[in-house]
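Subject: Structure handover and what was found

Dear colleague,

Here is the structure I promised to pass on to you. Please open it before you read further, and keep it beside you while you go through the notes.

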Amino acid sequence: MDLKDLYRDVILDHNKRPRNFGRLDPCDSSADGNNPLCGDRLTVTLRLAGDRIEDIRFEGKGCAISTASASLMTEAVKGLDQDAVRRLHALVHETLTSAVDAPPPEGLGKLAALTGVREFPARVKCASLSWHTLAAALAHHDTASTE
């Protein structure tokens, strides 16, 4: 397996220049995420307008997959209501856990770049950490973990 298939241009771009990096202050909710296996740590802060994510940011340290996934996630969920976020999270989960040769589900947009991660099962938790942390923040829980 060639690592180039995993680290596509979009993954590299979002790792080198993460979008929505930083902390919202004030924010309506936040959560800290931890992937003990890899050492990835991040914080998601968000501002809500009713049931919709008005703004979202993340900060922390992690591997290229973790950082790129968080950056892609923040772009994808900004402006969505919580039901739409849950549906998108389910699509991402399906993408990360489906068969290696399965096509990505419809409606992923740039998030389809994460399909290469499923070829490296140990990295799935890196890609899903930001999503678990966002879910915790939306539920007003302080922490999330991939364990």
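Predicted model: local features only at pLDDT ≥ 70, side-chain atom pairs only at ≥ 80, totals over all residues.

Helix α5

Helix α5 covers residues 124-138, and its 15 residues, counted at 1.5 Å a residue, should span 21 Å, which agrees with the 22 Å between its end C-alpha atoms. Just after α5 comes histidine 140, whose phi is positive, at about 60 degrees.

Is this helix enclosed by the rest of the structure, or open? Because 12 of its 15 residues are buried, α5 is largely enclosed by the rest of the structure.

The nonpolar core

The largest nonpolar core has 35 residues, and those that touch the most other members are Val44, Leu46, Ile53, Ile56, Val77, Leu111 and Leu134. Two or more residues come from each of β2, β3, α3, α4 and α5, and α5 gives the most, with 9 residues. If you select isoleucine 53 and leave aside its neighbours within four places in sequence, you will find it in contact with residues that include Val77, Val85, Leu134 and Leu138.

Threonine 43

Threonine 43 lies in strand β2, and its relative accessibility is 11%, so it counts as buried, the cut-off being under 20%. Its side chain is joined to that of aspartate 32 by a polar contact of 2.6 Å. Beyond its neighbours within four places in sequence, threonine 43 is also in contact with several other residues, including Arg23, Arg57 and Phe58.

The aromatic pair

A search of the whole structure finds 1 aromatic pair. It is formed by phenylalanine 21 and phenylalanine 58, whose ring centres are 5.2 Å apart and whose planes stand at 90 degrees, so the pair is edge-to-face. Because phenylalanine 21 lies in the loop between α2 and β1 while phenylalanine 58 lies in strand β3, the pair ties together parts that are 37 residues apart in sequence. Phenylalanine 21 counts as partly exposed, at 45% relative accessibility, whereas phenylalanine 58 counts as buried, at 2%.

With best wishes

Methods:
Residues numbered from 1 in each chain as written. Heavy atoms only, no water. Helix = DSSP H or I, 4+ residues; strand = E, 2+ residues; numbered from the N terminus. Expected span 1.5 Å × (residues − 1). Buried < 20%, exposed > 50% of the residue type's maximum accessible area, 1.4 Å probe, protein only. Core = buried A, V, L, I, M, F, W, Y, C linked by side-chain atoms within 4.5 Å. Contact = heavy atoms within 4.5 Å. Polar contact = N/O pair within 3.5 Å; in protein donor to acceptor, adjacent residues only side chain to side chain. Phe/Tyr/Trp six-rings, centres within 6.5 Å; stacked < 30°, edge-to-face > 60°.
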